[in-house]
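Subject: Two-chain model for you to look at

Hi,

Here is the structure I promised to send over.

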Amino acid sequence: MSQDYLGEFEQMVLLSIMRLGTDAYGLGIKDELESTAGRSPSSGALYTTLDRLERKGLLESYAGDASSERGGRPRRYVKLTPAGQEMLARSRHTLLALWDGLEGALDR
Amino acid sequence: MSFRPPRWLERIAEWALPAGLSGQGALGDLTEEFQRRAAESGFRATAWYAKQTASIVAYRILTGSGADSQDTHSDILMDVRWAFRLVLKHPGFALGVVAVLGLGLGTNVAVFSVVDGTFRNTSWWGEPDRTMGLWPERYWSFGMMEMYRDEQSAYRSIGGWRESAYAIRMPDGTSTSVNGVEITPELFRELSAQPPLGRALDDDDAFLGVEPVVVLGESLWRRSFGADPGVLGSVVDVSGTSMRVVGVQAAGAKAPGGRAEMWFPLIMDPRDDDYFRQTDVKVVGVLASGVTTDDAWTEVDAFNDRLARLFPSFFTPDWDDGLVRIARADESQRRLISTPLLLLLGGTALLLLVTALNVGNLLLGRAIERRRELAVRAAIGAGRGRIVQQLLVEAGVLTALAVGVGLYAGALGGPWIGSLFVGEAVVTSSSVLSGPVLLFALAVTFGAWVILAGVPVVHFLRAQRTGLTLRPHSGVAVQRSLVAVQAALATLLLVSATLLVATVGNLRSVPLGYETENLLAVELSPPEDRLTDSTVARGLYDGLVERVAALPGVEGAALTARTPLRGRVLRAPINLEADPVDQVQAPNAPWHKVTPEYFEVMGMELVEGRLLGSEDRGRIPTAVVVNETLAEQVWGDQSPVGQRIAIDPHMWSWFVPVVGVVTDIRTGDITGGAEPALYVSLVESPFKDVTLMIRTSNVDGSVVPAVRRAVAEVDDMVPVRAVMWMDEVVRAAYSTSWVIMGLLVALAVLATVLGAIGIYAALSQHVAITRKEIGVRMALGAEPGEVVGSVVRSGLLIALAGIAVGSVAAAFGARVLDSLLFEVSTGTPWVYAASAVALCLAAVVAGWVPASRAGRLPPAEVLRGE
């Protein structure tokens, strides 16, 4: 069952990756989280989450070009797998179902 | 512009991140972001990088990852997490272990920081390994030193120094007392510290007739000259001589000998009577390159024969058989403190051993409790190595937590222990964060970890080898022998502590022959020019004694050339008119130059004849008073009064009558035997350093400033070197024994308590395991008393085994204490008996709780429960 559940931070990370499209790598995701969601996660939290999501099969990564400003290390680009997309969709669906009829309740 | 994060931080991040693209990608991101930030501020970028690295490490440790759990690297992380969870699950146990172990480590670190600091502190020479003291226990005359300096070739530089106190006249007309050192310039330049301001002493400063110069100590410069660099080149009045300030010595720089704050060139006029006579110079040489100590020894040995012919009085045979000796110049200080401090280090190491064994025992107990868990894990395929690793990591986590406590305790304890050695100026502690101390901490921590982890691991492996799973009974024998080892170590410490307690008791009860209460000693160093004219000297001495004696609260005052139990002993050879001897064969005795009031102030009684009096005011000694021991040694049954003796090696046929005999008092070594003594009038042979002995009606603080004022009124160029109550002097004379005793007693008590806890734990477990057996016995009619007795007895047996082993170890081991002991020996039976009794009592008390629990077991319930 736990496979079906996405944590709040995991969801944010997956959404950021989708928003960034082909440009999604560690730093980009971090900036996106900061500018859009107002969250600035520590490196430890972010990379651990990325590894965990990959382990769960929700995203996959591929190497980009290495450059000198990165100390000769490649970028690790990530994109959602079909399973990841499905998971995100399910999550959205669940949340929307729960929100149904409550849209005005918090606006007062 | 390209910036790189610090390598070591990168390494840590690399270690904590997984291998492969995920880790490389993350590292690349960190570098990229670092570049961006470094363009603004390198420091902030580094701080940021460090923070990110820390978060990565923290996440790795706390969450770990399942993906790469096949390699040991993350196995260890898993074990670490597991160990931390155990800590959180049993916080009381973990807290206890960390506190006990931390204190054990802390005392070791603290004592080591004192040992390290003191050894480092003892040398004020630039190259302590090659700086030799020549006859370190003797004082040379200036002339002898010069003679040897011209002849030798073993030393790159060789010279002498002597210390005294001086009065500096301040611009406002007041004068202040300052300790100073006269030193040959060549030797000054071999000091480890050289003046940062101005210049060092120069060879040209050490000629007769050139302008006298002085190098000020940094503290004096700040205190009395407002840290004004303009003081360089100015002229100050030092004990009546105008001296030009040429340099300011570095802060914290130590003069040879102690706490001097001024340095002058040591010069002497060869025409001076005292050139060869006055022996007050310490001679030190720095070996030339390629010269060994043996070479230097051979060279000085040859010189020795010539010196013995030229200066027979210097070589009285009872001074180390007239043999020359060369030793590191800092040897005496090192020896002074090395035995006590190393002893203390040994004591704390023993305590740590007891602690580690104790905690190891607790872990073993826990391993036995967890035997099912371990057996299950072994059954489902966890290899032996895997389980051993887990035990090692568990012990490691506890030890690591204890290190923090240990370093903190060490940082607090080191300076405290150092401050206890009031009698030894060289004792100090180095920082806990300095290299050697950290290294030591690492080493003892490792040692503690080996024992801590070793106990359960060895036990587990043994159980594995014999094909058995861990069973409660299989641990008992191991546990008991470990407790017995603790008892043995506690015995060792108890015996040592008891020996020191006896020593201090004996030292305290040494009869000095005078009341130290209400007795004040004020050390003075009148300038030389006050002593050259005997009329001036006489006026000064009379003035001091009369003025101080007239102060309110003062019952009597006298002058002596030597502070009892403190100053340097002057010895004089004795020639009898009735039976003349060669100087070399002559007996000798400590020589006290005193004013007539001395006998009364010190409370000595006249046995025969008369005391020194106002009639003994010649230009050379005209009358001698001896004490009972000397009278007995030299004249036996005969009366010495009326006998004539010569006591000046330079006037070997100038015979002076013995006018009286007085009772003995002890003013030399507090641990020495009976002291012969002879007394001559200070007025008849003035001496540079004198001490005012003042008998007061009470220990009232106001008398001290009054005495200082009185001295200044008599002659404000007479500096006060030191002021102390004789009570303090006596305490300082055995302060080292006192401190060592206190600390050893504390260690012994701790070790005994830990040993008792060990016995308690072993017996508690024993009772728990043998509940059924006890129940059966009681059902069959055993009285509760018998059950209690049998449990207590088994605890006592463990203790007795330990005591037996520990006593044998102590009989040999305690010999290192020999040099510290006084009138008690390592073979004294009652010391062992007392230690054994103390430990047995502890064992009975420790055994009582589990024993009475066993005695209260309701047999029916126990049996039904099975």
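Below is what I found, starting with the chains and ending with individual residues.

First, a caveat: this is a predicted model.

**The two chains**

Chain A has 108 residues, 43% of them buried. Its secondary structure consists of four helices and two strands, arranged along the sequence as α-α-α-β-β-α. Among its contacts with a separation of 6 or more, 51% are between residues 24 or more positions apart. The accessible surface of chain A is about 6200 Å², with 52% of that coming from carbon and sulfur atoms.

Chain B runs to 866 residues, and 53% of these are buried. I count 25 helices and 23 strands in chain B. For contacts in chain B with a separation of 6 or more, residues 24 or more positions apart make up 80%. Chain B exposes about 37600 Å², and carbon and sulfur atoms account for 59% of that area.

**Salt bridges**

How many salt bridges does the structure hold over all chains? The total is 38. One network of them links A:D31 with B:E33, B:R36 and B:R37.

B:E146 bridges to B:R149, with the closest N and O atoms 2.6 Å apart. Both residues sit in helix α6 (residues 142-151) of chain B, three residues apart, or about one turn of the helix. B:E146 counts as buried at 19% relative accessibility, while B:R149, at 23%, counts as partly exposed.

Next, B:R156 and B:E190 meet through their side chains in a salt bridge, 2.7 Å from N to O. B:R156 is in strand β3 (residues 155-169) of chain B and B:E190 is in the loop between α7 (185-188) and β5 (197-198), so this pair ties together parts that are 34 residues apart in sequence. B:R156 is partly exposed at 41% relative accessible area, whereas B:E190 is buried at 14%.

Then there is B:R189 with B:D203, a salt bridge of 3.2 Å, N to O. B:R189 belongs to the loop between α7 and β5 of chain B and B:D203 to the loop between β5 and β6 (213-217), so the parts tied together here are 14 residues apart in sequence. Both ends are partly exposed: B:R189 has a relative accessible area of 36% and B:D203 has 38%.

**A charged patch**

Which residues gather in a patch of negative charge on the surface? They are B:E515, B:E517, B:D727 and B:E728. B:E517 is placed in the loop between α14 (472-508) and β12 (519-524) of chain B, and its 47% relative accessibility makes it partly exposed.

**Two serines in chain B**

B:S735 is in helix α21 (residues 735-769) of chain B and is buried, with a relative accessible area of 5%.

B:S807 is in helix α23 (residues 784-813) of chain B. B:S807 also counts as buried, at 18% relative accessibility. Leaving aside residues up to four places away in sequence, B:S807 touches B:T491 and B:Y832.

Over to you!

Cheers

Methods
Residues numbered from 1 in each chain as written. Chains lettered and ligands numbered in written order. Predicted model: local features only at pLDDT ≥ 70, side-chain atom pairs only at ≥ 80, totals over all residues. Heavy atoms only, no water. Patch = residues over 30% accessible without salt bridge, like charges linked within 9 Å, V, L, I, M, F, W, Y side chains within 5 Å. Areas by Shrake-Rupley, 256 points an atom, 1.4 Å probe, with all protein chains shown as cover. Salt bridge = Lys/Arg side-chain N within 4 Å of Asp/Glu carboxyl O. Lys, Arg positive; Asp, Glu negative; His and termini not counted. Charge placed at Lys NZ, Arg CZ, Asp CG, Glu CD. Buried < 20%, exposed > 50% of the residue type's maximum accessible area, 1.4 Å probe, protein only. Contact = heavy atoms within 4.5 Å.
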